[in-house]
Amino acid sequence: MQPGTLSKALKSGAIWGFIVLELIFFSVAGEYFSLSDKAFMDFENMLLLLKQSAPIGIIAMGMTIIMVNGNIDLSVGATFAIAAIVLLDSMTWPIFAGLGDWVIPVAWLLALLVGTLLGALNGLIVWKTGVDAFIVTLGSMLGFRGIVFMFNGENPTSHLNWTLVDFAEAEFLGLATASWFLLIVTLVIWFLMTKTVHGRNAYAIGDNREAAVNAGIRVGPHMMINFAIIGFLAALSAVVFYSESGSVNPNDGQLYELWVITAVVLGGTKITGGAGSVIGTFGGVIAIQLLRKGLGHIGADTSTVNLVIGLILIAVLFLDRQLNIKGKEELKV
Amino acid sequence: MTDAKPVLHLEDIVKTFPGVRALDGVSFAVMPGEVHALMGENGAGKSTLMKVLGGIHQPDGGDIFVGDDKVTMAGPLEAKAKGIVFIHQELSLAEELSVAENIYLGELPRKSLGRVDWAKLADQTNAILKKLNVGFDARTRVGDLSIANQQMVEIARALTVDAKAVIFDEPTASLTDAEKVVLFDVIADLQADGVGIIYISHRMEEIFKITDRISILRDGQYQGTVVTADTDEESVTQMMIGRKLDLSRNASHHEIGDIALQVRGLSCGKLYQDVNFEVRRGEVVGFYGLVGAGRTEIAETLFGLRDPSAGQILLDGEEVRIHSPADAIARGISLVPEDRKGQGLVLGMNCRDNMTLPQVEDLKTGPFVAEGAEIAIFDQYRDRLDIRTPGWKQKVGNLSGGNQQKIVIGKWLSMHPSVLIVDEPTRGIDVGSKSEIHKLLRELAAQGYAVMVISSEMPEVLHVSDRIVAMYSGKVMRTFTSEEVTEDSLIQAISGLGDNQAA
Amino acid sequence: MATMTKQQIGSILAKQGILIAFAVFMIAFTLANAKFLSVDNLFSVVRSSAILGVMALGVTFVVISGNLDLSVGSMMSFSTIVVLDLHDKIGPMLAIPAMFGMTLCLGAFIGFLVGYLRLNSLIVTLGMLSAIHGLTLTYSGGQNMDIADKEGTWFSIFGQGSALGIPVPILIFIAVAAILGLLLAKTPFGRKVYAVGGNGTAATFSGIRRARTVFTCYLISAGCVATAGLIQASRSLGSQNTVGQGLELEVLAAVILGGASLLGGSGTIFKTVIGVLILGFIQNGLLLVGLQFYVQFVVTWVIIILAVWLDIAAKRGKLWSTIA
């Protein structure tokens, strides 16, 4: 057996082990601390958990490609908010007045289109200017948020369309619409990353960019496509979420990038790119949502959730490093 | 072969960079089925020539012909499409991906929906791997392979296209003897298929074993092509450096003082074991061996960058434990490291700041750095080492390799160490600077420094050392004095044959 | 020949772009509103930039050492809440050093993780952003924090007072900038920060204790955050738990705008001050000409990318990237 096989197996299984640990912990602790009589591992509860994971989860799938590709996207929260506003606002636009409920698919398409374009814009800037993705998306995080405020100042944008709400609250085969979206997106992105040439090239670029360039892989267009994908997914996440809620605040989606990146890193994606899996990210998303729900279940408030998630993120990083240490012979630099 | 047309033909290639004429009228031709060596010292223009051939640089003059067609290369991919394939010295592999994906990087076979055709990919890859006779398959993750096997993956890339010419750049640098045999078989196979091979290497014995002709570059100028069978190492060397190779040994001895550094039974895991030697004041001890013999690792241990697993280090007869470079410096040890740009210099900093970096804490007036004292130190070593720079404000990254190396040497001389360790002091710098640095090392010994020189170049070791420690695979094979050493005995010792021969 | 001139223009733009942009903005705003260049307005810009500015000074050290600090925003909320809470409990004389001590502990923790354990600073400080936010909420119980006797405390001097006709926040900003500027540019420690950020391996090979240097940078950053929290608390004498939220990115924007490279090894305190002032003047100018505060977000976005792009282009010799 090659050295490092064990640590790799540990790493790829770690997130699922962690989820099991959480389940056991909250079930047991729930017996003592829980305010409700319901068991934590209740089936209904788990279905709800899947549904609540959807907004972060859908974006996290896109972030997995971006990070495997060796980039990062800090602007997803702002893109999410813009898409939400476009979705709700466009349904009230006079030009669509005659469409009746057919305005819904139009608004959806519009929101998705805007998200995709904003993502592609980030990608284009990264590609053509050579500025690091961190800085580009840091800038557009501010810029996109500015655009959000331009719609309606500091006031919320609301529009409730009952057909839309019915659709969003519908269940199919026992799963909520949002859950279906999460599962489908996960499947599609998994297919993209493991089965297609584009996905494999994304790994190659993140792993060894120079080698990829030398092999004639067009790095720039690949990055731009990936940014367009994450833009699309941020918009899709907004579409799924706001179809149900019907009201968006200009500050919505803030700190989403933090949650998303946490989920992706928890799921085992390498921060420097080249390694990571969609399945791992799915585990990361579930683990975070489980933690939020579980802490709520045993009576802890949001402050504890923030504290625990931050520390877990750091702990994961620490463990990862410990597993990669080569031993005492290593050069101490 | 005389009737055949060359597969690849370069004519009068000129390439200039600001201030430098990197290639000046280089012409040579590679015949089908020929192994054509390209030789020259570091900086002679080999790598520039290969970059021109690969389309990374465009030539300022001259023509490239592939078969009968005059071509311009727009990039490595176009070169490959035309049948010109490069096997790079530095591995350019994606470690997380499989062997197959690396071999077909950028050219994965497609199915509908942009899917990768895994079955086809595995078949094609395994066919190639079978030819190479390696012990791994298409699905193996590249990061799990040894360096030598990774090199094989790199070589396998050449076999994916219908290659007309394959360029090997120092392919054996990290291969064991057994692996070399496999590589030479691969080359022979390619040769039999009528592929032209350009073989770049410094290793004379390989050149004379497998090549048909040798073309030589010196300072960007084409020196001529010779038939390997009609020439010998000495004349090739002479063409490369413009004069005879100076294999003279160090003759002058200084007064040898006390033992400054003594190492007893020093081991560091698998890197090296049970190493014993001592260095006296006024003495230069050369460490000679192949890459990976453990010489650099010993230096790093002495400098506090590795923890030894056993053994003792004695400075002036007193046992010491060195935990960090700061410790080592405090005890009067200096290390001029192997990798000038990675370990020796902060390229974005100016010359003065780089030079005074290890002692900046001690150069203070009040709480501030004493810039006057710094400039004085810089001026002193600039004059002493003849460093050519417009001024101390110049960024080190803008200097030539030789001047950069002198900055590193100056940095450590200014610490007035009692033990000076230099690792590959003349790698990648021009002939003139080389002999200056050799002279300097001798002078330092004369002034009473204890000097350790690690080098992979035999002339260098012979030239500067009072004694030579020969290492092979983590062990000291033998220690020679400069009087008793001969080239043959030295080569035998570093190949692991020394003991048997002596016994 | 046309290409020649184009190149020359490009190189001038690239080297002085940020100052040119600054000048253009200043002139445009002055023309648009005469009040813009008045002493009162200039003071008010610098004063309102002081909190962001002091934090940016500390982050400059972290960035030059080759790391990031995304936790300064939530750390500033923490300092503000803590000092306001302790003000009524143990009095300002003790509250201030206690708050500094606690904030420095947080900085030391991050410094330990990034410096000694060598963990990725982006992820560590991202985690700390969340963790410290949680810590603040736990500390305050989610309640806003207010000083009971707002009239009768001398504590307001740091945010609201003035000396020699100059507001105290400005004086603090100038003093911290001067001290840190000297520390970075003139002392052995500053030299080590540049070396560690420029090439950490080479710095280690030169006997510099890399971990200790990085650790100290995070301590400095935490010290600046505590100072900013002090000004914030003193100015408002009451605060929400989220007062610093999002500031980490504005701070980073100012540092990048000043020309520090995220790869480490370059940047100066002076340039960061310029970056802070540019952000402050844009914000102020846009408000004066009657635009909403959020327009500055969009303008900042464009300016940051242009600034970094021009900087890269100047080093590379051309604007358009060659990434295939």
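My entries below go from confidence to chain contacts, then to helix pairs and a sheet.

**Ground rules.** I am working with a predicted model, in which local features need pLDDT of at least 70 and side-chain atom pairs count only at pLDDT 80 or more, while totals for chains, interfaces and linings use all residues. I number residues from 1 along each chain as its sequence is written, with chains lettered from A and ligands numbered from 1 in the order in which they are written.

**Confidence.** I noted ipTM 0.82 and pTM 0.86 for the model. Next I looked at pLDDT, the predictor's confidence in each residue, from 0 to 100. Chain C has a mean of 86, with 91% of its residues at 70 or more. For chain B I found a mean of 84, and 93% of its residues reach 70 or more.

Where in chain B is confidence lowest? I found it in helix α18 (residues 498–502) of chain B, at a mean of 44, whereas strand β16 (residues 333–336) of chain B is highest at 94. Helices here are DSSP runs (H or I, at least four residues), as are strands (E, at least two), numbered from the N terminus. Residues 498–503 of chain B stay under 50, and the model has seven contacts for them beyond four places in sequence. A reminder to myself: where pLDDT is low, the predicted coordinates should not be read in detail.

**Chain A with chain C.** I call two residues in contact if their C-beta atoms, placed from the backbone, lie within 7 Å. On that basis 45 residues from chain A meet 42 residues from chain C. On the chain A side, α4 (103–129), α5 (133–152), α10 (219–245), α11 (256–266) and α13 (302–324) each supply at least two residues. That side has 27 nonpolar, 13 polar and five charged residues. My classes: Ala, Val, Leu, Ile, Met, Phe, Trp, Tyr, Cys and Pro are nonpolar, Asp, Glu, Lys and Arg are charged, and the others, Gly among them, are polar.

**Chain C with chain B.** Here I see 18 residues of chain C in contact with 22 residues of chain B. In chain C, α8 (188–198) and α9 (200–205) are the elements giving two or more residues. The chain C side divides into six nonpolar, nine polar and three charged residues.

**A helix pair in chain C.** How do the axes of helix α4 (residues 92–116) of chain C and helix α5 (residues 121–140) of chain C cross? They come within 10 Å and cross at roughly 150°. Axes are lines fitted to C-alpha atoms, for helices over the stretch in contact, and angles run from 0 to 180 degrees between N-to-C directions. α4(C) and α5(C) are therefore roughly antiparallel, a label for angles over 145 degrees. I listed C:Leu106, C:Ile110, C:Leu113 and C:Val114 in α4(C) against C:Ser121, C:Val124, C:Thr125, C:Met128 and C:Ile132 in α5(C). By class, this contact has seven nonpolar, two polar and no charged residues.

**A sheet in chain B.** I traced four strands in an open, antiparallel sheet, ordered β12-β11-β14-β15 (chain B). At its edges are β12 (272–280) and β15 (318–320) of chain B, each pairing on one side only. Strand β14 (residues 310–315) of chain B and β15(B) have three bridges in the antiparallel sense. Finally, I found B:Ile313 opposite B:Val320 in β15(B).

Definitions and conventions: Angles under 35 degrees count as roughly parallel, over 145 as roughly antiparallel, 65 to 115 as roughly perpendicular and the rest as oblique. Two strands pair if DSSP finds at least two bridges between them.
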